[in-house]
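Here are my notes for a first look at this entry. Please read them with the structure open.

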Amino acid sequence: MPDPYSLRVNGVDCEVADSDIAESLLFVLRERLGLTGTKNACTEGECSSCAVLIDGVLTCSCLVLSATAAGQDITTVEGLGDGRDGLSVVQEAFVDEGAVQCGFCTPGLIVAVHDLLEANADPSDGDVREALSGNLCRCTGYGRILAAVNTAAEAKRSQP
Amino acid sequence: MTSEAVNTAAGGSTATGTGTDTIVDAGTRGVGADVGRPDGVPKVQGRFAFSSDLWADDFLWGHTLRSPHASALIRGIDIGPAVAMAGVYAVLLADDVPGCLTYGLEHGDQPALADGQVRYVGEPVALVAADHPDIARRAAEAIVVDYEVSEPVTDAEAAPTAAPIHPDGNVFREIAIRHGDLDVAGEVVVEGVYEVGMQDQAFMGPESGMALPDEDGSVELFVSTQWLHVDREQIAACLGIDEEKVRLTLAGVGGAFGAREDLSLQVHLCLLALHTGKPVKMVYSRDESFLGHVHRHPAKMWYRHHADRNGHLVKVEARIVLDGGAYASTSSAVIANASCFAAGPYKVPAAHITGLAARTNNPPCGAMRGFGAVQTCFGHESQMDKLAAALNMDPVELRLLNAIGPGDRLVTGQLITGTFPTAEVIRQCAYAPEPEIPLSDDRRDLPGGSGRTTDAADTVRGTGFAVGFKNLMFSEGYDDYSSAACRVSDGVATITCACAEVGQGFVTLAQQIARTELGVDEVILAPAQTATIGSAGSSSASRQTWMSGGAVQAACREVRAQILADVAAEWGVSPDGLVLRDGLVVSLDGQQEALLAQVTAGTGYEADVEYHHAPTEALDENGQGNAHVSFACAAHRATVDVDPDLGLVRVRDITTAQDVGRILNPTQAVGQIEGGIAQGLGLALMEEIVLDDGIVRNASFTDYVIPTTLDMPDVTIAAFVEEPEPGAPYGAKGIGEPPTISSSAAIAAAVRAATGQALPRIPIRPADIALG
């Protein structure tokens, strides 16, 4: 067991104790800190259901050894809400456009779309498709997800 | 930005019937309205609890040791090294299964744990429970199994005459359909042999759940599944305890598509929990998931179509062989579907179709979206294109000439009595304006994508068309009823139904139906479970909108009748003159009204109903009989760009029209159609479980590739063809499967049109085009 360490998740310092050194950030978020919003569809870096932001960089948390993330700012889907009913414009757009079916890919997509719209306020269709091409979804065929990204981008641009 | 291509509901809807009599008052959030999912907000916030998110005090992690061999005897198992590991609480083998060792949806031929023999790669051999998932995995790896490996049977055509690999033999089912005058011959005859690869459902949420033991020997299981009550039946039999002692609750389901109809880890979790006395959780890894559930049957199909020189079909002959893999699963129903629908949605006066589902040492195959109809749709639509070419006819005109409809008979002799608007679906799709898609210089739009493998100048374009159909609900005499309870108290409705919400949106529909029937706005959905409500049947066969929707509607109507009877008695009027609307009981003459909250204060009203569809019958020895309840069809037109030298394909547009009965929620309908088409695109171009002597070679999302945002084109829904189905609640048909049935065939036809190649197999691999 490594010494206890602290992870800064969504602005809160969280003590991680009794954790095996081999545990991924995904495992620690889900099983030790109770933040199960970050999903485990493949746990080998192929689907982006576990996407988080580490110091602002979009990352598959399943590929990061947890202890190496100490001292960095980690943002998960649970940390993205604001605005109406605690929803971000991206979350709101996903709900309104019918972009959610089973919802297992949704948290990773929400994080990825936040990341995209931070970097590019007015992405083209090709930009959106390329940015989200690592996020696998099996239910939707992506049509409503792409519509939600458009809606979110417009809403974000019209914000004061 | 563009995303205008989806042309939905209002613009494209075709209503050719009425059926509005059943709608009481849809209001803004009732049936037909574009209502959002009740679980939408928790899902976007990451607060929705999936079956892999469960937690309990002091719980253990389970892990499964699986066979690395497709065929082997087990001479001995040494669990000593695993038991000796710190943190290990249990190691279980077949001898530890206290009840019936085998289970199965149709035939109980699959061992919960291998008993002396393994029959496919991935077959569960031993179970471990430990206090950390890595310890459980390492302990499973430490178990020493002494295998005597034998040559596997991997060829479905050869299996029936090979030595039996199971006491029940190597044939799951043979079926023959003989219809009409089999001696007739056509003036024009075309033949073809077609193959379909093994597709995986590849849902995102891995198999997972948690079992909690009780001191009285009972067990509680939270699990993702498609059918709680049939799981309970099989689990209780394996555990050797009464069904009442097994209580299932649906945990959040991350997609299903057929893969959760069979048991996976349900018995294993309960065994470990009862053995250790502790809660046990299991979550399959992705590679384990590829081994841990059934797949779509690979198919080989021989076809001969006869037509007169004007293009009228005279006779269809077909032989279909499905590889069922090592255990029965739903193979006998899948081959029945494949055979019954093998001629397509056409008027066929004579047909001779034989179907075989064989047992091999390949991974077990069972339910996947489209269930047998997908495979034969690729066959019959390839044949229709071939026939059109032989007749020098337009392929769409040929299909219209032969399109089946009400008053016609299927090759099973069944008279079509419900709606079946094949011709309208074909016309709406085929004659929709062709999308203007300029050949793009954006590499992301080219075959091969941004890898810069293709130049626009090297690509050729093609367009293809296909139409397909299948049955709704279970067939051949099976009574797949659904149960629902409704309670109205203090003006709030609570619906209880064991229907598995797998992402399809039944929870939204249940609320819409209750609002429409009861005139309330607030509808609470109780958890789906087995303790207090009867079976809802499976979330498969495009059946829950009809069956559980029907059960919810019937329960609500019974409660409504009770309320109106009491109020009518109090007011001294006839209940026929009263309605429930906007949270009020209102007399139609406008003279009296009362708050529903007041009328139902305190104990309230409740009803618990079972809803059955019209009975069906078994097929006779000639495959004739009224075996199916209802049918739905869809058509697809695909536009593709192909680099013929590299064998790369980029789908640029899919246009579709679908027979839906009636649309109950437009956005959810669009989502089902787009999602179903994506799975059809995957089967056409990229998705296949690759086997090598029964060994799965691509059990990961790196090697089993599913469509991404860069693979899916915009989908144009040219029309929801709305002809309300008699007998269906609100006239609505299930819509989940048709998008997956003919989309693959349309894409294959488009690639053929672009390349001029025969391409008799899907998925179409780059080498099939480049080296074909």
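**Notes on chains A and B**

1. Start with the contacts of chain B. Among those between residues at least 6 apart in sequence, 81% join residues at least 24 apart. Keep in mind that this is a predicted model.

2. Next, the make-up of chain B. Its secondary structure comes to 18 helices and 34 strands. The radius of gyration is 27 Å, close to the 28 Å that the globule rule gives for 772 residues, so chain B is as compact as a globular protein of that length. Along the principal axes, its C-alpha trace spans about 75 × 75 × 55 Å. Of its 772 residues, 60% count as buried.

3. Now the core. The largest nonpolar core has 308 residues. Those that touch the most other members are B:Ala126, B:Val128, B:Cys270, B:Cys497, B:Ala514 and B:Ile747. Helix H13 of chain B (residues 544-571) gives the most to this core, with 11 residues.

4. What does B:Cys270 contact, leaving aside its neighbours within four places in sequence? The partners are B:Ala211, B:Val219, B:Leu221, B:Ile235, B:Leu239 and B:Val246.

5. Turn to chain A. The domain assignment gives domain 1 (5-77) and domain 2 (84-157). Their centres, taken over C-alpha atoms, are separated by 21 Å.

6. Look at where these domains of chain A meet. 13 residues of domain 1 are in contact with 11 residues of domain 2. On the domain 1 side, strand E3 (residues 51-54) of chain A supplies the largest share, 3 residues. That side divides into 8 nonpolar, 4 polar and 1 charged residues.

Terms used: Residues numbered from 1 in each chain as written. Chains lettered and ligands numbered in written order. Predicted model: local features only at pLDDT ≥ 70, side-chain atom pairs only at ≥ 80, totals over all residues. Core = buried A, V, L, I, M, F, W, Y, C linked by C-beta atoms within 7 Å. Buried ≥ 20, exposed ≤ 12 C-beta atoms within 10 Å, placed from the backbone. Helix = DSSP H or I, 4+ residues; strand = E, 2+ residues; numbered from the N terminus. Contact = placed C-beta atoms within 7 Å. Rg over C-alpha atoms; globule rule 2.2 N^0.38 Å. Domains from an automatic or database assignment. Nonpolar A, V, L, I, M, F, W, Y, C, P; charged D, E, K, R; others polar.
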